[in-house]
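Here is a short note to go with your first look at this structure. Please keep the viewer open while you go through the points.

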Amino acid sequence: MPGSPLVARRLWITALIVPPLAFVALFVVYPIISAFAYAFFQWHGLARGEFVGFANFYRVLFTQPYADWTLNAFTHNVLVFFALMVLQNGVGFVLAYCLWRELPGAAFHRIAVFLPVVLSTIIVGFLWKLFLHPLFGVVNISLRGTGLGGLAQPWLGQGTTALWALIIANAWHMVGFPTLVFLAGMQRIPSEILDAVRMETESEWVKIRKVVWPLVAPSATVVFTLLFVGSFNWFELPYIMVGVDGSPHKATDVLGLYFYRTAFGDQSGSGQDFGAGSALAVLIFVFIALVAGVITFKLRAREIQL
Amino acid sequence: MKKLVSSTIIALGALATALPAMAQELTFWSWRQEDKAQYQKFISAFETKNPGITVKFETFEATNYNTILSTALAGGSGPDLMFARAYGGLENVANAGYLLPLDKTNVPALEKFAPAAVAAETARSSKITYAVPFASQTMLVIYNKDIFDKNGLKEPETFDELVKASEKLKAAGIMPFGNGTATAWQNEVMVGGIASTVMGRGFYDDLMAGKADFTDKRYIEALTKLKEITKYFPDGFIGLDYASSQQLFASGMAGMFVGGSYELSNFKKQNPAIKMGIFAMPGLKAGDEKLVAQYFDGGYAVNAKTTKKEAALKFVNFLASQEFGQMFADDLNNISAVPGVNFKEPLLGEVAELNKHSIPYIMLVHFRYGEPSGSVLLQGEIQKLFGGKATPEEVGKNLTTGLAAWYAPFKK
């Protein structure tokens, strides 16, 4: 009955919910579903051809040259994930602990550590490209200036160093995020517990291992899951620093670049293939969703409710 | 009453004939952001001659152009007219039926274009031409005339002379070459600009005839010489990206630059004072034919679904005219594909002269029709070669076996 307060309230709630739902449906759900659908068709350039079932999936996983490319990119993503787990989350935890213990200069460092996080990836990418410039980059110039010229390298041009250069740039950029999350977790640890521990031991190591680490488990769940998703969706930084080809000779190729190149083509090299590209996108999506689900589930299980 | 009906019909008829003459706006998409001002000029020349048609020129970032265009066309929108890529890149869009076929009935001028130019904008299987080619590009060596004069150097006639000239520049504290190869496609440019002469026309002809593949000793020798010359590239050149390498040459820190003819106007823009010369890579012996590598860049195409076909064709015919070709060459400093254009800029004239001794830019022209594309393979393999991860023989072998996946003559 219009006019009744209950109906008006319902209308009001509907009016609030429908626009964001429609937005999500149009810009998130629909593209994902259409990518799923695209993956099952053959594509002639831009025109959709006949339904081919799982042929595109088979192609990107088991036929050459795609199989090698997929494995190569996937291996790099795995490496990136584990390296960042140490360099970003590990260092983030240590930094958070130092900040929490209020070592001298903590107030300054709290800001300094978080500052790069607010920079856009584009800026960080170009900045690090300049740092690593073989002739004028601050890295090589510092090495030469300190008599270590022999260590100066064309960092982004060598298969052995390029991916690591990207990983370090990413860790520098994002280390403030896990730091902040861990710090917030540590600050939530009740002081009674800390006082009780102080009666038992003076060792920082025991404190970290037995008390702090278990109690920041919810924070760890968050940063681990986000790092996993981020590592397997990694795109912007490599795109800016080494280009869509995963240069040099695919030594920095990751799934994001590989998918983009396959679906939309590479202006300076290859054609576009929406079928194979969509199949890759679907595989990446399913893989991330499954593993992230398992990680969250497992990590949740070890969280302690205070 | 009858009178009213007939006069209404007449009035409607008049309106109908007047309709096409009413202002029509064509949209025209391009990846050449840097040429926007020049294109506006070309367009106003067209508009003054064709009142009632206006052309709106819109540009997109070159690396994302394909993506944006593909998405728009697939979504049923898209421009009336557009820049189309050449060779394999054209087929991506054309084979999907998004482009209007062009021939001598709707664009008569196409008949006079060079066959190689038209072939670049023609789908291989159907033999249908989809775009009016706009420019050719040539891979060659650009040098800084002032630096050469100051060090008493001339354009080299043999490979050894080039090595000597490079040594001399190095001794004088100048980088002989400014090139870097961290940007993948630059590796392909190095092969086109440096290795074409040594591999030679004979190799190219045999390759096309199916009598040779990339393990041929002429190709291997060309790659060996290519690797040798990189001794005179900047320190750490494998980590030097394209933009930085351009700056090294434009700023006068490097004496030579291996690149496309498109770099000439670029360098001039970055450093108006620079005096440049060009040469084709010399051969091992003084008499060897010096070769550059040539390809066609792209073309102007019409959307098959445009509602303003007549106006769009009028504009495309203008883009195929000598008047346009001349403006294109004069204002954009590019080698127009329109036949019979005179090059006022002496360097462009020289490029046109060098083009008389050229072979196609092999991977782009012939090997971008399957996966893995020859360009992708070559770019990666040359990065391995320069990084010390592969020998010329291994590169030749990997190219051949890689392409054998789809290139029939290599399947054994």
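1. **The core.** The largest nonpolar core in this predicted model has 189 residues. Those with the most contacts inside this core are B:V132, B:F315 and B:V316. Helix 8 of chain B, residues 184-208, gives the most to the core, with 12 residues. As background, nonpolar side chains in soluble globular proteins tend to be buried together.

2. **One residue of the core up close.** Which residues does B:V316 touch, not counting residues up to four places away in sequence? They are B:L81, B:V107, B:V132, B:Y300 and B:V302. B:V132 is also among the residues with the most contacts inside the core.

3. **Chain B as a whole.** Chain B contains 17 helices and 12 strands. Its radius of gyration is 24 Å, close to the 22 Å that the globule rule gives for 412 residues, so chain B is as compact as a globular protein of that length. The C-alpha trace of chain B spans about 95 × 55 × 35 Å along its principal axes. Of the 412 residues in chain B, 50% are buried. Among contacts in chain B with a separation of 6 or more, 75% are between residues 24 or more positions apart.

4. **Helix 9 of chain B.** This helix covers residues 217-229, which makes 13 residues. From its first C-alpha to its last, helix 9 reaches 18 Å, close to the 18 Å expected at 1.5 Å a residue. Its buried residues are B:Y219, B:I220, B:A222, B:L223, B:K225, B:L226 and B:I229. What do these buried residues of helix 9 pack against? Their partners in chain B are helix 7 (159-171), helix 8, helix 16 (374-386) and helix 17 (392-403).

5. **Helix 11 of chain B.** Here, in residues 263-270, the residues B:E263, B:L264 and B:F267 are buried. They cover an arc of only 105° around the axis, which puts them on the same side of helix 11 of chain B.

6. Is B:P346 buried or exposed? B:P346 sits in helix 14 of chain B and is exposed, because 9 other C-beta atoms lie within 10 Å and the cut-off for exposed is 12 or fewer. B:M208, in helix 8 of chain B, has 14 C-beta neighbours inside 10 Å and counts as partly exposed. B:L73, in helix 3 of chain B, has 23 C-beta neighbours inside 10 Å and counts as buried.

7. **Sequence and space.** B:P346 and B:P392 are 46 residues apart in sequence and 37 Å apart in space. For B:M208 and B:S126, the separation is 82 residues in sequence and 20 Å in space. B:L73 and B:K268 are 195 residues apart in sequence, with 36 Å between them in space.

8. **Where the chains meet.** The contact takes 40 residues from chain B and 30 residues from chain A. On the side of chain B that touches chain A, helix 3 (62-74), helix 4 (87-94), helix 8 and helix 16 each supply at least two residues. Helix 3 of chain B gives the most to that side, with 7 residues.

9. **Chain A.** Buried residues make up 37% of the 306 residues in chain A. Among contacts in chain A between residues at least 6 apart in sequence, 67% join residues at least 24 apart.

10. **A record to set beside the model.** An unreviewed UniProt entry lists residues 12-41, 78-99, 111-131, 162-184, 211-235 and 274-297 of chain A under "transmembrane region". In the model, residues 12-41 of chain A are 90% helix and 3% strand, and the end C-alpha atoms lie 43 Å apart. Residues 211-235 of chain A are 84% helix and 0% strand, with end C-alpha atoms 37 Å apart.

Definitions and conventions. Residues numbered from 1 in each chain as written. Chains lettered and ligands numbered in written order. Predicted model: local features only at pLDDT ≥ 70, side-chain atom pairs only at ≥ 80, totals over all residues. Buried ≥ 20, exposed ≤ 12 C-beta atoms within 10 Å, placed from the backbone. Helix = DSSP H or I, 4+ residues; strand = E, 2+ residues; numbered from the N terminus. Arc of directions from axis to C-beta. UniProt positions renumbered as here; feature names shortened; annotations may be inferred. Core = buried A, V, L, I, M, F, W, Y, C linked by C-beta atoms within 7 Å. Contact = placed C-beta atoms within 7 Å. Expected span 1.5 Å × (residues − 1). Rg over C-alpha atoms; globule rule 2.2 N^0.38 Å.
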